[in-house]
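Let us walk through this model step by step. Keep the viewer open as you read.

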Amino acid sequence: MSIRPDIHPRTKKTIYNVYNYFKMLASKEDQPKMANFFRLCQERTADACGVSRFTVQRICKESKTISLGVEEELSVGSSTDIKFRSPRKRYSRNKPITDLDDFDSEVVRGVIHSFYDKEEFPRRFL
């Protein structure tokens with residue numbers, strides 16, 4: 001079980017965009033003072049977004065693995081549309097009650113109506 005809270009994919013995208021913006025500012029050669037200030041892109045991003053530096057590192061690492069996967073799957077050179085994933089969205093479970101077909105749901109409906117027709121209301125036994 002993880003102690004850190006899950007970060008929403010849109011939040012990850014925003015943090016990654018801030019990181020890329022600071023990285024772009026650090027690479028500007030026409031303004032050396034600003035470039036020197038933004039040399040530590042991950043630390044500046046962590047301060048600006050209010051998260052830890054390790055969170056920014058993890059998001060950057062995730063973006064690299066996603067962009068590599070996108071390039072391999074789609075054979076695309078640029079991966080500007082990176083979609084981050086949330087760990088909770090992968091969990092899906094078949095629900096046994098709602099997994100009834102039409103015939104079974106009509107049988108359940110008929111049984112419940114027969115209780116009311118006989119004036120035997122379903123109740124919990126103690």
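Buried means under 20% relative accessible area, exposed means over 50%, and partly exposed lies in between. Keep these cut-offs in mind; the model is a predicted one.

Start with the charged pairs. Side chains of opposite charge can pair when their charged atoms come close. This structure holds 3 salt bridges. One of them joins Glu 62 to Lys 12, with the closest N and O atoms 3.2 Å apart. Glu 62 sits in helix 4 and Lys 12 in helix 1, so the bridge ties together parts that are 50 residues apart in sequence. Both Glu 62 and Lys 12 are buried.

Another salt bridge links Arg 53 and Glu 43, at 3.8 Å from N to O. Arg 53 belongs to helix 4 and Glu 43 to helix 3, so this pair connects parts 10 residues apart in sequence. Arg 53 is partly exposed, at 41%. Glu 43 is partly exposed too, at 31%.

Glu 106 and Arg 109 also form a salt bridge, with a closest N to O distance of 3.6 Å. Both lie in helix 5, 3 residues apart, about one turn of the helix.

Now the packing. Helix 1 (residues 9-26) and helix 3 (residues 41-49) pack at about 135°, their axes 9 Å apart. That angle makes helix 1 oblique to helix 3. The crossing is right-handed.

Phe 38 lies in the loop between helix 2 and helix 3. Its relative accessibility is 12%, so Phe 38 counts as buried.

A nonpolar patch of about 840 Å² includes Leu 100, Phe 103 and Val 107. Val 107 is in helix 5. At 41% relative accessibility, Val 107 counts as partly exposed.

Notes:
Residues numbered from 1 in each chain as written. Predicted model: local features only at pLDDT ≥ 70, side-chain atom pairs only at ≥ 80, totals over all residues. Heavy atoms only, no water. Patch = residues over 30% accessible without salt bridge, like charges linked within 9 Å, V, L, I, M, F, W, Y side chains within 5 Å. Areas by Shrake-Rupley, 256 points an atom, 1.4 Å probe, with all protein chains shown as cover. Salt bridge = Lys/Arg side-chain N within 4 Å of Asp/Glu carboxyl O. Helix = DSSP H or I, 4+ residues; strand = E, 2+ residues; numbered from the N terminus. Buried < 20%, exposed > 50% of the residue type's maximum accessible area, 1.4 Å probe, protein only. Axes fitted to C-alpha atoms, helices over the stretch in contact; angles between N-to-C directions. Parallel < 35°, antiparallel > 145°, perpendicular 65-115°, else oblique. Left-handed = near helix turned anticlockwise from the far one by under 90°.
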